[in-house]
Amino acid sequence: MEEAWKRVKANAGSPGIDKLTIDHIVSEYGEGRFKEETAEMLRSGEYRAKPVRRQEIPKGDGKMRPLGIPTVRDRLVQMAAKLVIEPIFEADFRDCSYGFRPKRSTHGATEKIRETVNNGKVYWVVDVDITGYFDNIAHDKLMELVEQRINDRRMLKVIRKWLKAGVMKDDKFFETDIGSPQGGVISPLLANIYLHYLDTVWEKQFTELGTLVRYADDLVILCHKKEHALKAIEVLKAVFGKLELKMNAQKSKLVNLWIEEKNQGFDFLGYHHRRLPAYRKGGKKAWILRSFPSKKAMKKMRSKVKEVTAPRKKLTRTLNELVEELNPKIQGWRNYYAKADKGSANGFLRKIDWYIGKRLVIFWNNKHKRRKTWHFDFYSTLKRIGLKSATLQAST
């Protein structure tokens, strides 16, 4: 419980439906009292999971992503459970799974894709989207998969409570007969357990069709021949059918990486992956897979910059304050995009650097009611006050 509380406190986050915040627990309620009460509830069987608070956040396509925010107490119990059962499932999870796992990351998934394509004969990619994955996880099937490795009745009971706790939205209660709301501490692990069935079936029976790379509910299959890719699609549909899931026919696609005029590439985990020409020693031309920020990612980065620099209410702030607000975002973009494929990504990240400079020039001119600023002198000022660069070689 002590380690679970440390992690919950470090993650911070919004309050649940009871409006109890971590700050209030730390400053007034008492951390020791809160942990002991929670432990006693679990020992006595009095613990009851509360409904999650529905919160919607914007997605890159303009739609909203529903999140379920548990109470701090539910997050504490979920974290304690996760610390106990995660190592059990980690012993079984397959190497093709990279999402929300210890010592695994999006960079690992991206590296696997590039290595597989560049070191082998991969000419076709099955790019898969699962329709509303987290909202359509079947509780009974999920619990069957959990019970294959966990036989503690109290643990199984509390997991069922989280799944059935319901959702509060606009002061109205909605039952949850299906799905595992995004936002809970335990949700990513349960989601991985559910799709571990796919990983296992694929690696036991269908690896000759291609290489599966999965990050949570995002997945691709890297194939040599078109017939292998088409067969892979049929296999996926069959497995999804057993899990009561559906492949999104509109968003899923079959990508040809080989024929130059048909090589449209594919987006995965915020990157666009495309086979591009490279010249070896002696002028020999080779085609290799490169990874760089997708159009959607570029648009999102520009949008974040504009949020910081565009509003008129920001004109009361100093240039240094805007730079301080922008720098963590720039650092995050550089860490994520530049390290996967520096040579390819930096060209796109320079465009973000240019856009940041442009937006700050506009801010400066509006603040001081000027029509024009000498860009060279201004960019020197930005560098002097510590504005970071999104490109890796210019890191500060």
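Buried here means under 20% relative accessible area and exposed means over 50%, with partly exposed in between, using a 1.4 Å probe and protein chains only. With that in hand, here are some notes on the structure.

1. **What you are looking at.** This is a predicted model, in which local features need pLDDT of at least 70, side-chain atom pairs count only at pLDDT 80 or more, and totals for chains, interfaces and linings use all residues. Residues are numbered from 1 along each chain as its sequence is written, and side-chain values use heavy atoms, with hydrogens and water left out.

2. **The chain overall.** The protein chain holds 13 helices and 11 strands; these are DSSP runs numbered from the N terminus, with helices being H or I of at least four residues and strands being E of at least two. Its C-alpha trace spans about 70 × 60 × 35 Å along the principal axes. Of its 396 residues, 46% count as buried. Among contacts (heavy atoms within 4.5 Å) with a separation of 6 or more, 67% are between residues 24 or more positions apart.

3. In α7 (residues 153-163), the buried residues are Met155, Leu156, Val158, Ile159, Trp162 and Leu163. They cover an arc of only 165 degrees around the axis, so they sit on the same side of α7; the arc is taken from the directions that run from the helix axis to the C-beta atoms. On the face turned away from that buried side you will find the exposed residues Arg153 and Arg154. The buried residues of α7 pack against α4, α6 (139-147) and α8 (187-205).

4. **Helix α1 against α4.** Two packed helices are described by the angle between their axes and the distance between the axes. The axes of α1 (residues 2-11) and α4 (residues 72-90) come within 8 Å and cross at roughly 125 degrees. That makes α1 oblique to α4. Axes are lines fitted to C-alpha atoms, for helices over the stretch in contact, and angles run from 0 to 180 degrees between N-to-C directions. Angles under 35 degrees count as roughly parallel, over 145 as roughly antiparallel, 65 to 115 as roughly perpendicular and the rest as oblique. On the α1 side the contact is made by Glu3, Ala4, Trp5, Arg7, Val8 and Asn11, and on the α4 side by Val72, Arg75, Leu76, Met79, Ala80 and Leu83. These residues divide into 8 nonpolar, 1 polar and 3 charged, where Ala, Val, Leu, Ile, Met, Phe, Trp, Tyr, Cys and Pro count as nonpolar, Asp, Glu, Lys and Arg as charged, and the others, Gly among them, as polar.

5. **Helix α2 against α3.** Here α2 (residues 22-29) and α3 (residues 31-44) pack at an angle of about 110 degrees, with their axes 7 Å apart. The two helices are therefore roughly perpendicular to each other. Ile25, Val26 and Tyr29 of α2 meet Glu31, Arg33, Phe34 and Glu37 of α3. By class, this contact has 4 nonpolar, no polar and 3 charged residues.

6. Thr38 lies in helix α3 and is buried, with a relative accessible area of 0%. Leaving aside neighbours within four places in sequence, Thr38 is in contact with Met1, Arg73, Leu76 and Val77. Thr38 and Leu76 are 38 residues apart in sequence and 8.2 Å apart in space, C-alpha to C-alpha. Ser344, in helix α12 (residues 342-367), is buried with a relative accessible area of 11%. Not counting residues up to four places away in sequence, Ser344 touches Arg290, Ser291 and Phe292.
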